[in-house]
Amino acid sequence: MSKVILIFIAFIGFVVHAEEASEVINVKKSRRIKLQFEENLINGKADSPDTSFLNTKDEYNYKKLIKIRENFIPEVEASGTTFKGK
Amino acid sequence: MKIFKVPHLFLTLIVLLFFISIAAQAQNTSKALKSQLINLRNMVNSNRCDIAVPGLFEVAYTSKGQFAAEDIYLARQWMSICLYKMGLYQAAAFPLIGNSYQASANVAVKSVDLLLRITDKVNDPSLLNYAVSKIDVSLKNQLSTDLVGLKLAEHAMMAGQLEEAERLYKSVLEKKKENKEALYQLGLIYLKTNKLKLAYDSFEKLSELYQKKSNLDYEKGVANLGLARSLYQAKMWQDSIDMYKSIPRNHDLYRQSLFEMAWAQFRSMKFRAAASTMESLQSQFYENVFDPESLLLRMTIQLFICQFEDLENSMKIYDENYLNTGVQLQQWLAKKPSQKEIFSLIQDTLKKKKIFSLGYDMDLKNTIPYFILRTGLDSPLVRPHLNLLESLKKERKLFRKSALAKNAKISKFAERIYKSRLATVNVRLIEGFRAYLELTKTQVDQYNKQYDFIKYEFLNSKRVNIKKLTSMSAEEKEQLNANQKRDFYWENGYRYWPFQGESWVDEIGNYQFVGVNRCINE
C-alpha cells in the first residue's frame, strides 16, 4: 500500500513538474514518432544502471561540488557575429 | 573743372570693367568647376570609378581653394561611394569621418549613413562607436532606418543597455520581421534578462527561416543551439537534449553541442548518457582543445558512480594538462611581456595551426601549452581583431591590384590609411590576446579549486566504499561482483566504441560508456 502511495506521490510530482515546465516554453513536437535507440543500446543481463545511479548519491548535494552551468549565455554571445547584417 | 572730371569718369569705368571681367571670369570658372563636379558624379553613378576617383581626389584634397567647402565635402562623399563600390571599405571610411562633423547637415547625414554601411561590412567596433557618436537625434529619421536601427541596437548592446537594445531590435523587426540579426540578438537579450519563453520564441522564428536548409548549414546550427540553450536555461533538460541532438556529427558546432548536451544529461541525472558523451569530448580527436570544464564534469560523473579507476585516470590527465597551466601562465604574465613578444607568440600559434591543418605533426614545446594558445585564437577577445586584420590585408592587396594604385597621390593616400589601420588593429589584437591569457589564468585558478574539491571527495568516497566493503560478508561481495561485471559488453566490443574496422573520426559521438555504478549502498 505504501508503495502505491509513493508511486502516486511521484506521479503527481511529475505532473506538477511537467506543468510548470510547459508554462515556460511550449516545444513544438514533431508529429512523427521518433524511436530513441541511444539509451537502449545496451541490453545486457545487468539492471539498468541509470536507476541505481539515481538512488545512490541522493544524499549528495552536487551543487556544492562544482560550479554548475546555469546557462550558456557567453556561448550565445560569442556566436552573435554569425547573423551580422543578415 | 570739366577737364578734371573726364579722366575720373574714365578711371571709374575702367575699374568697373575690370571688376565685371573678373566676375565673369569667376562665373565661368565656377561654371566649369560645377560641370567638372557634375561629370565626376555622373561617372560615380555609372560605376566608372577608376576614372572618377582620381578626379574626385583632386577636388577633395589637392584643389586648394578652387572649390567651395561644400563641393569638397561632396567630392569626398562621392569618392567614398566609389571606393565602397570597389570593396575598399577602410579607404572609403576615411573621407567620411571629416564629413560627418564638418559638412552641412545634408552631406553629413549621407556620410554617416555610408559610414554605418561600412562598419557593417568591416565589423569594426571602434568605427561603429565613432559613427554612432556622430548621429544627431534629429537626423536619425533621415538615415536609412533598418541599418541605423541595427547599428544603434548593436551599440546599445555593447554598452550593456539591454532595454534600449530590445526596443531598437523590436523596431527593426516591425519593419522587417525576418531580420536574422535582430531575431538572434533579441533571443540573447531575453536569455540575459531570463525571459526564457520570449528567448525560445525568438530563436524559433529564426530557426524557421532555415527550415528548407540542410542540417549542416552553419547558421541553422547556431539558431538550433539557441533553442537548446533556452530550454537548458529553463531547466527543460530532455527537450534541450533532443534539440542538441539535432546538430549533426559533421557540423562545425558538433563539439560545442556535445559539451552542452553533457551538461543537460548530467543535470537530468542521466549519468550513463553524460559519461558516454564525455568519452567523445575527451577523445584524441579533440586533444588540442583547451577544455578543462568538460574534464571536470567527467570527473564529477565518475565520482557520482564511484568509478574510481576511471576517475584516477581523469585526474592524471588533469594533472598533466591543466594543473600547472595556471602557474605557467602566471609566470609568463608576471614578466610583463612586451607587445612584440605577444605578437610573435600569436604569429607562432597561427603558423603551428596552419601546419596542423595540413596534416603535419610538430614539436609543441612552448612556455604556454599549445592548446591554450590555439583556443585563444578563437576567443571573442581575439577573433574579431584577427578577422579585421585579415580583411585589412585583403583590402590592401585588392587596392594594390587596382588601377587606382598607379596614381601616385591616391596610392600614398591609401597606403597611409592601411598602414595606420593595421598598426591600430595589431595593438588591439595584442592587447586582446593578453586579456585572454589573463582571463584564462583566472579561470584555471577557479577550475583548480574545483579539482581540489573533487580530489578530496574522491579520497573520502573511496575510504567510505572500502569501509563498507570490509564489513560485507563473502556472499554479499560475490553478489556485488556479479552485479558489477560487464563481461557481456566487453566480449561484444562495447568498452568505448561499438564499431569495428571504421576510422576513429567517425566514431565521435558514438562512444558508449558501459560501466556501472560502483558505489556500495548501505
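Are Y318(B) and Y322(B) buried or exposed? Both Y318(B) and Y322(B) are buried. This is a predicted model. The predictor gives the complex an ipTM of 0.71 and a pTM of 0.70.

**Confidence**

- The average pLDDT of chain B is 82, and 83% of its residues score at least 70.

**Aromatic pairs**

- Over all chains, the count of aromatic pairs is 21.
- One of them brings together F266(B) and F304(B), with ring centres 5.7 Å apart. Their planes meet at 75°, and an angle over 60 degrees counts as edge-to-face, so this pair is edge-to-face.
- The F266(B)–F304(B) pair links distant parts of the chain, 38 residues apart. F266(B) sits in helix α13 (residues 254-267) of chain B, and F304(B) sits in helix α15 (residues 292-304) of chain B.
- F266(B) has a relative accessible area of 0% and is buried. F304(B), at 3%, is buried too.
- Y318(B) and Y322(B) also pair, with ring centres 5.4 Å apart. Their planes are at 50°, so the pair is tilted.
- Y318(B) and Y322(B) both belong to helix α16 (residues 308-323) of chain B. They are four residues apart, so about one helical turn separates them.
- In an α-helix there are 3.6 residues a turn, so residues three or four places apart point the same way.
- One aromatic cluster is formed by F72(A), Y232(B), W237(B) and F259(B).

**Disulfide**

- There is one disulfide over all chains. It joins C49(B) to C82(B), with an S to S distance of 2.2 Å.
- The link of C49(B) and C82(B) is left-handed, with -85° about the S-S bond.
- C49(B) lies in helix α2 (residues 49-62) of chain B, and C82(B) lies in helix α3 (residues 69-85) of chain B. The pair therefore ties together parts that are 33 residues apart in sequence.
- C49(B) and C82(B) are both buried.

**Nonpolar core**

- The largest nonpolar core has 145 residues. The members that touch the most other members are I118(B), Y169(B), F266(B), M299(B), F433(B) and L437(B).
- Helix α21 (residues 408-470) of chain B gives the most to this core, with 17 residues.
- Which residues does L437(B) touch, not counting residues up to four places away in sequence? They are L329(B), W332(B), L333(B), L345(B), I368(B), I372(B) and L373(B).

**Helix α15 of chain B**

- α15(B) has 13 residues. From its first C-alpha to its last it reaches 18 Å, close to the 18 Å expected at 1.5 Å a residue.
- Why does α15(B) count as largely enclosed by the rest of the structure? Because 13 of the 13 residues of α15(B) are buried.
- L297(B) is found in this helix. Its relative accessibility is 0%, under the 20% cut-off, so L297(B) counts as buried.
- L297(B) and W263(B) are 34 residues apart in sequence. In space they are 7.8 Å apart, C-alpha to C-alpha.

**Other positive phi angles**

- N47(B) is not a glycine, yet its phi is positive, at about 60°. N47(B) lies in the loop between α1 (2-45) and α2 of chain B. At 53% relative accessibility, N47(B) is exposed.
- M269(B) is not a glycine either, and its phi is positive, at about 65°. M269(B) lies in the loop between α13 and α14 (271-281) of chain B. With a relative accessible area of 30%, M269(B) is partly exposed.

**Chain A**

- Chain A has three helices and zero strands. From the N terminus on, its elements run α-α-α.
- Chain A has 86 residues, and 26% of them count as buried.

Key
Residues numbered from 1 in each chain as written. Chains lettered and ligands numbered in written order. Predicted model: local features only at pLDDT ≥ 70, side-chain atom pairs only at ≥ 80, totals over all residues. Heavy atoms only, no water. pLDDT = per-residue confidence, 0-100. Phe/Tyr/Trp six-rings, centres within 6.5 Å; stacked < 30°, edge-to-face > 60°. Helix = DSSP H or I, 4+ residues; strand = E, 2+ residues; numbered from the N terminus. Buried < 20%, exposed > 50% of the residue type's maximum accessible area, 1.4 Å probe, protein only. Disulfide = S-S within 2.5 Å. Core = buried A, V, L, I, M, F, W, Y, C linked by side-chain atoms within 4.5 Å. Contact = heavy atoms within 4.5 Å. Expected span 1.5 Å × (residues − 1).
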